[in-house]
Each structure stands twice: as C-alpha cells, then as structure tokens.
Amino acid sequence: MERIVLTRTDDGSNTLYLPEMDEHYHSTKGAITESQHVFIEMGLHRFPGRSPRILEVGFGTGLNAFLTLLEAEKRYDSVHYTTLERYPLPAEVIRQLEYSSVERGDQELYDRLHQAEWNQDIAITPRFTLCKREVDFQAFSFSGKYDVVYFDAFAPEKQPEMWRQELFNKLYTHLNKGGVFTTYCAKGVIRRILQSAGFTVERLPGPPGGKREILRALKIL
C-alpha cells in the first residue's frame, strides 16, 4: 500500500490522499456530501424496489457502504451489498476517518462494517448483508445480477485499465432490467463507452460545491 495522508474536506468529513498517485479517495469539497449525492441520492434512490442488490466497484474507505447501510435501516426491506477492493485499507487508517462521528454516531454499525470477514456474506443487520470481495474488478467472476452499481474507481487518467469498454459491457450484462449505474465521472469518453455498452445515459448536476456534472446510466431494455 502506498503512503496515505489523511485530509479534511470542506464539509468536515475526512478523505485520504495518495501522494504517489496524486489522487484523493473523495472530493476535497466534501467526502460525505459527494458520496451521499452521487451514490445514494442519484443512484440508490433511483431504483424503485425495496430489496436492491448493489455492486460497488471500489470499497476504499467504506463510506459508500456505510451510507447505504444507514439508508437500509431507514427505508429498505433488505439490501445485499457486494463490494470489490483490490487493496483493503489498514485498520488504523479506517479508524482515523471517523465517518460514524461525522454522520450520525453509529459507531457500532461502522465497526461491524469494517470488521466483517472478507469474501463471504455477513449480515451486518437484519436489513443489510455485506459481501466484501478482495479482488481486482478486472478479474471478478460475476455469480449473479445486480440492481444498482456504484462505480467508484479512481479517475480514468489515474486508473485507465478500470474504465475499459469490455468491463462496462460486462456490467451491463450483469445488471437487471431497470437497473441503475452511477459514477462521479462525467467525461465524454466515459459517457460514450456506457452508451456503447447499451446504457441510456444521463448527465446530472454534481454535488453541492463539487463537480459540475456526474453520470447516471440506466438499463432500459
């Protein structure tokens, strides 16, 4: 794992910075603000069902999973959450992020999320089942279909191998009809790749104070 620097963002929540890659895990304008907007409000809330199966590409700090867990407790019958991460963060780094204290003080749920065993289904609560997979997305063998995809890999210019056409084709195949794909990246080349895979793509306003636009893609057919 590269050297990691804890960074405070504009909404008071923390993110991580990788100097060797010159890349942050979240927007410096607000880590929680970005994740809540891009993945929860524009992604999860767009799916009409009450028992979504979610696939996240890039577990990272676990922020998207934690916010989804909180949503599951409020408004869903059940959520099955599969998340892929090639390089899990050390426990001491996770503790420094303090997302539970910033968000709602749900320390027990936050700890359970990060202490869950890898590569198996773990019931964090009766409404939220987590499967953390320690695997490179490029080598992931799909065993089912999903309703929502959070695509949270590092930016295309930093990690181009994660944004290839064949990978998005695979995601489209393994998304259920009516499924939702969302990402913070709004580059034209990524929009065209998603369209080539079969998605209907929307440009949406970005999070308050952050990126101007994000992308949401739907599997209509």
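Before looking up any residue, I note that buried means under 20% relative accessible area, exposed over 50%, and partly exposed in between, with a 1.4 Å probe and protein chains only.

**Entry 1: ground rules.** I am working with a predicted model, in which local features need pLDDT of at least 70 and side-chain atom pairs count only at pLDDT 80 or more, while totals for chains, interfaces and linings use all residues. Residues are numbered from 1 along each chain as its sequence is written, and side-chain values use heavy atoms, with hydrogens and water left out.

**Entry 2: a sheet.** I take helices (H or I, at least four residues) and strands (E, at least two) as DSSP runs, numbered from the N terminus, and I call two strands paired if DSSP finds at least two bridges between them. I looked up an open sheet of three strands, and I found the order β1-β2-β3 with antiparallel pairing. The strands β1 (5–8) and β3 (23–24) stand at the edges with a single partner strand each, so one side of each has no neighbour in the sheet. Strand β2, residues 14–18, runs antiparallel to β3 and is joined to it by two bridges. Which residue of β3 is the bridge partner of Y17? I found that it is H24.

**Entry 3: aromatic pairs.** A pair of aromatic rings is described by the distance of the centres and the angle of the planes. I count rings of Phe, Tyr and Trp (its six-membered ring) as a pair if their centres lie within 6.5 Å, and I call planes under 30 degrees apart stacked, over 60 edge-to-face and the rest tilted. My search of the whole structure gave 18 aromatic pairs. Y81 lies in strand β5 (residues 79–84) and F128 in strand β7 (residues 128–133), so the pair ties together parts that are 47 residues apart in sequence. Are these two residues buried or exposed? Y81 has 0% relative accessibility and counts as buried, and F128, also at 0%, counts as buried.

I then turned to F151 and W163, whose ring centres are 4.8 Å apart with planes at 70 degrees, so the pair is edge-to-face. This pair links distant parts of the chain, with F151 in strand β8 (residues 146–151) and W163 in the loop between β8 and α6 (165–173), 12 residues apart. Both F151 and W163 are buried. They belong to one aromatic cluster, which also holds F137, F168, Y172, F181, Y184 and F199. The charged end of K219 sits over the ring of Y172, 4.6 Å from its centre.

**Entry 4: salt bridges.** Side chains of opposite charge can pair when their charged atoms come close. I use the term salt bridge for a side-chain nitrogen of Lys or Arg within 4 Å of a carboxyl oxygen of Asp or Glu, and searching the whole structure I found 10 of them. In one of them R86 pairs with D136, with the closest N and O atoms 3.2 Å apart. R86 lies in the loop between β5 and α3 (91–97) and D136 in the loop between β7 and β8, so parts 50 residues apart in sequence are tied together. R86 is partly exposed at 46% relative accessible area, whereas D136, at 15%, counts as buried.

A further salt bridge joins the side chains of E157 and K187, at 3.9 Å from N to O. E157 is exposed, with a relative accessible area of 53%, while K187 is partly exposed at 38%.

**Entry 5: T182.** I found T182 in strand β9, and at 0% relative accessibility T182 counts as buried. Its side chain reaches the backbone oxygen of V38 at 2.9 Å; a polar contact is a pair of N or O atoms within 3.5 Å, where within protein one must be able to donate a hydrogen and the other to accept it, and residues adjacent in sequence count only if both atoms are side-chain atoms. Taking contact as heavy atoms within 4.5 Å, and not counting residues up to four places away in sequence, I found that T182 touches several residues, including V38, M42, F151 and L215.

Definitions and conventions:
A charge sits over a ring if NZ of Lys or CZ of Arg is within 6 Å of the ring centre and within 35 degrees of the ring normal.
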